[in-house]
Amino acid sequence: MHEITQQWRGVKWFIEGDIRSFFDRLDHSVLVRILREHIQDNRFIRLMDHLFQAGYLEDWRFNPTLSGVPQGAVVSPILSNLILDKLDRYVEHTLLPRYMRGKRRKTYPPYVHLTRDAWKARKCGDLETARQLNKQAQAIPSRDPNDPHYRRLWYCRYADDFLLGFVGPKAEGLDIKQELARFLRDELHLELSEEKTLITHARSNVAHFLGYEVHTLQANDKHDHRGQRCINGAIGLRVPTDVIKAHCAPYMRRGKPIHLAQRVNDAAYSIVAQYQAEYRGVVQYYRLAYNLHRLSRLKRVTEVSLVKTLAKKYKTSCTRIYKRMGTLRETEQGVYKVIEVRVERGANKAPLVAYFGGIPLRWNKWVSINETVEPIWGKRSEIVQRLLRETCELCGATATLRAHHVRKLADLTRNGQRDVPLWVRRMVARRRKSLMVCQRCHDAIHFGRYDGPAFSNRGHWRAT
């Protein structure tokens, strides 16, 4: 996306490329042929050929793999790039040289006439006429947008999605699309998706690439320190509206933010850190969008859901949560209101701090993505970390812990009893099949002395 915003300029048409069922339609003969070009080892080639044709089991039925590679497998991205490297080389060595000509567009005659008349009017002392003529000139391009001797073509690919930016007539853009489809069909035995491979006017519409809306900016009233138009022709990235709605949906019900019941039993530190991680991930990805401020709606929805979750956990109101945990946090970009939780760890250790917010929503196209991620710490951490805490998750006693396991969570509520013991409620609410308890609680669970019900050897509890 940095390459598109910094190197592409004056794009008139976007060609959005998408290969139909790419991972499912990779031709095995093409893969073997490409492997033979670089690897002179028949045993390895034969091994890969057998891998491609190994087949798969579904409902205990064998199905042959006539084409494609398993999507999500470790080797699939490497194999797919071996195929698409051919496409990259074709575009680089064939299409780009063919559609790249001319060093600069020739001057636009109407613009030249207006600026010349303005110069003559200013020389004669008629400043008002000169001002009006300059204003008219600023509303039209200074270079001929239809110069037949000037063409530009840019190309960018990520996995099986690619985007081309073209400066020229739409008819030539259609020719580029057909040449790409012909090369994929004849050389790689792949097919372009007609529904997703679109030719989009860069100024009046937007192209969709890697979750962004891409279009060419046009603003005749924006000038730099030299008095020249600095935005026209530049590439702008936007956050799509449906992306904001999709990220708000998990925290909403019937149009309003709600608490997340599955997180109520977590520690407050873990709840805040999890909300912040999810919110920060979206903001960091869309850092290059000039309408980044629109994510303020996501921040509001996520924050209200967080406060409602904490209020549900502590059985209090949202106002008291704001008063108890709301504070100001100073960052490099300024001071922000945040929801903060501190966990003291003794005199010799710094406290653990988790906060929500504190991320600026101001556009900065030169910003670098901050990959520093704070750990999410709480009762729902990994088994080893939970054991090392040496704190029973039922009674809170400090002792050597035992891991209590069940076969599956469905066994805990199979009989539908209402008066279930505390350890069952904990495991069901947290959706975990393990519980770190002390020896006393572990024996009480198994011998039926914990809240009454006994734990059988078959992995589910029964009433005594």
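Predicted model: local features only at pLDDT ≥ 70, side-chain atom pairs only at ≥ 80, totals over all residues.
Residues are numbered from 1 along each chain as its sequence is written, and side-chain values use heavy atoms, with hydrogens and water left out. Local features need pLDDT of at least 70, side-chain atom pairs count only at pLDDT 80 or more, and totals for chains, interfaces and linings use all residues.

**Exercise 1.** Classify the packing of helix 10 against helix 11 and describe the contact.

Solution. Helices (H or I, at least four residues) and strands (E, at least two) are DSSP runs, numbered from the N terminus. Axes are lines fitted to C-alpha atoms, for helices over the stretch in contact, and angles run from 0 to 180 degrees between N-to-C directions.
- Helix 10 (residues 296-314) and helix 11 (residues 318-325) have axes 9 Å apart, at an angle of about 100 degrees.
- Helix 10 is therefore roughly perpendicular to helix 11. The classes are: under 35 degrees roughly parallel, over 145 roughly antiparallel, 65 to 115 roughly perpendicular, the rest oblique.
- In contact (heavy atoms within 4.5 Å) are R300, E303, V307, K308, L310, A311 and Y314 of helix 10 with C318, I321, Y322, R324 and M325 of helix 11.
- These residues divide into eight nonpolar, no polar and four charged. Ala, Val, Leu, Ile, Met, Phe, Trp, Tyr, Cys and Pro count as nonpolar, Asp, Glu, Lys and Arg as charged, and the others, Gly among them, as polar.

**Exercise 2.** Do the analysis for helix 2 and helix 4.

Solution. 
- Helix 2 (residues 28-38) packs on helix 4 (residues 76-98) at about 80 degrees, with the axes 10 Å apart.
- The two helices are therefore roughly perpendicular.
- Helix 2 contributes V30, L31, I34, L35 and E37, and helix 4 contributes L79, L82, I83 and K86.
- The contact has seven nonpolar, no polar and two charged residues.

**Exercise 3.** Give the strand order of the open sheet and find its edges.

Solution. 
- The order is 12-13-14, with antiparallel pairing; two strands pair if DSSP finds at least two bridges between them.
- Strand 12 (326-331) and strand 14 (352-356) each have a single partner strand, so they stand at the edges.
- The twist averages 55 degrees from one strand to the next.
- Strand 13 (residues 334-343) is joined to strand 14 by five bridges; V343 is paired with L352.
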